[in-house]
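Work through the exercises below with the sequence and the model in view. Try each task before reading its solution.

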Amino acid sequence: MQLTVAAGALGAAREALAKAVASSQPVVAPGGQRAVVTPNGSTLPLKDVRGVKVGHLVAGEFEHELAPGLRIKAWGYNGSTPGPTLEVTQGDRVRLYVTNRLREVTSVHWHGVILPNGMDGVAGLTQPPIPPGETYAYEFTFKDAGTFMYHPHADEMTQMALGMNGMIVVHPRVPTGLRVDRDFVLMAHEWTVATGAARPNPLAMNDFNVLTFNSKAYPATAPLVMGVGERVRVRIGNLSPMDHHPIHLHGVRAQLTWTDGGEVPASARLWETTFLVPVGAVRVFEFVPTEPGDWPMHCHMTHHVMNQMGHGFPVMVGADASAIDARVRALIPGYMTMGHDGMAGMDEMGMPVPTNSIPMKAGQGPFGLIDMGGMFTILKVRDRPEAEDGTGWYQHPPGTVAAQATPAQLAADGIDPSRQR
Ligand SMILES: [Cu+2]
């Protein structure tokens, strides 16, 4: 009894805090559940036709910018990759029309959704493939709440590699967990785009060179703006062809609350700062940021935070290239072999890159070059998030940024760098 009262008071306090920092996202489902935000993306418009929510996905090819300077011919839905996020409430009946504007057959599979077998979207097995130019209708009821995905189940390797994917959010009819103030969806993906090419290679099996959240590589990923003390939910799906992504959070610790299989019981939740999102799976985690700042959220595989780089090079770190540099300079004035001291700042030199390609690492930060690109974005945690448009850098209070140690500091603490091995 006492426990219930205490929990109630805690709930009320949280409610008050949530009101104080209420996000601008509209409430769309029972219990004050707010609309999800798809950074760099959109939500599928649905119209109510006699109690059924009707939507339309058009599969097709279009031009897509992965990052400034790199445009590709992508395949997706409604002119975007990922396709628009499908957002509904548990119990909703939907009728989803799928028009095929590709030059080959397709279908749409509602990944993780429990529905009648004939609506599962597996071409050849549960339905005829949708021929080019035709429109099929899918109709079913979302019995379960959760976060799911959609993608083709026809020529899977090609169609998914070229960008055909999307997220599905089903808000619970009766919310179970704590109410969140911000709710974001991200789709992790990986591409192989040869330097200068516009057509990603669907045959690639391991050397992926553009890694993305919602089909944008940093610095093109839109930051996630949030307030100190807000409860934040991030739902990450992974329809990369081949790689799992360990997504690491700076500045917060979080708990896994849902997968695409359902809710994680409270007793089974661990505090983590890295969530492995396997291929073909969704991971949903929640956290309450306490420290304002610009905090990275990124795949921790180091090659997944690089933009377009090749890997077939000899080891240069530690190499003495002075002899060969002198000889090459006779032919190319100013020539200098790179990478012998390490690869930091490789883009600082402003080397020209071929047309339609991006430097391997490339974000300009408030303190210089950020040596990361790819599957990287920024959590912008602010005291007044409503005043933030996502473009400004965090202004650090004086004395809170790592800086060069002064001789006085070193002397006072007995640190002598020259004598330390
Ligand atoms: Cu990764």
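**Exercise 1: Domains**

Task: state which domains the protein chain has and how they are placed.

Solution. Step 1: the domain assignment, which is automatic or taken from a database, gives domain 1 (29–302) and domain 2 (311–356). The model is predicted, so local features need pLDDT of at least 70 and side-chain atom pairs count only at pLDDT 80 or more, while totals for chains, interfaces and linings use all residues. Residues are numbered from 1 along each chain as its sequence is written.

Step 1: the C-alpha centres of domain 1 and domain 2 are 40 Å apart.

Step 2: contact (C-beta atoms, placed from the backbone, within 7 Å) links 6 residues of domain 1 with 4 residues of domain 2. On the domain 1 side, the residues split into 2 nonpolar, 2 polar and 2 charged. Here Ala, Val, Leu, Ile, Met, Phe, Trp, Tyr, Cys and Pro are nonpolar, Asp, Glu, Lys and Arg are charged, and the others, Gly among them, are polar.

**Exercise 2: The whole chain**

Task: describe the overall dimensions and make-up of the protein chain.

Solution. Step 1: count the elements. The protein chain has 4 helices and 25 strands; these are DSSP runs, numbered from the N terminus, with helices being H or I of at least four residues and strands being E of at least two.

Step 1: compare with a globule. For 421 residues, a compact globule would have a radius of gyration near 22 Å, and the 24 Å of the protein chain agrees with that. The radius is taken over C-alpha atoms, and the globule rule is 2.2 Å times the number of residues to the power 0.38.

Step 2: along the principal axes, the C-alpha atoms fill a box of roughly 75 × 65 × 35 Å.

Step 3: of the 421 residues, 37% are buried. Buried means 20 or more other C-beta atoms within 10 Å of the residue's own, with C-beta atoms placed from the backbone.

**Exercise 3: Strand β10**

Task: decide whether strand β10 (residues 146–151) is enclosed or open, and find its partners.

Solution. Step 1: 6 of the 6 residues of β10 are buried, so the strand is largely enclosed by the rest of the structure.

Step 1: G146, F148 and Y150 point one way, while T147, M149 and H151 point the other way.

Step 2: β10 pairs with strand β8 (residues 109–111) in the antiparallel sense over 3 bridges, where pairing requires at least two DSSP bridges. H109 is opposite H151 of β10.

Step 3: strand β11 (residues 166–171) also pairs with β10 in the antiparallel sense, over 5 bridges. T147 has V169 of β11 as its bridge partner.

Notes:
Two residues are in contact if their C-beta atoms, placed from the backbone, lie within 7 Å. A residue is buried if 20 or more other C-beta atoms lie within 10 Å of its own, exposed if 12 or fewer, and partly exposed in between; C-beta atoms are placed from the backbone.
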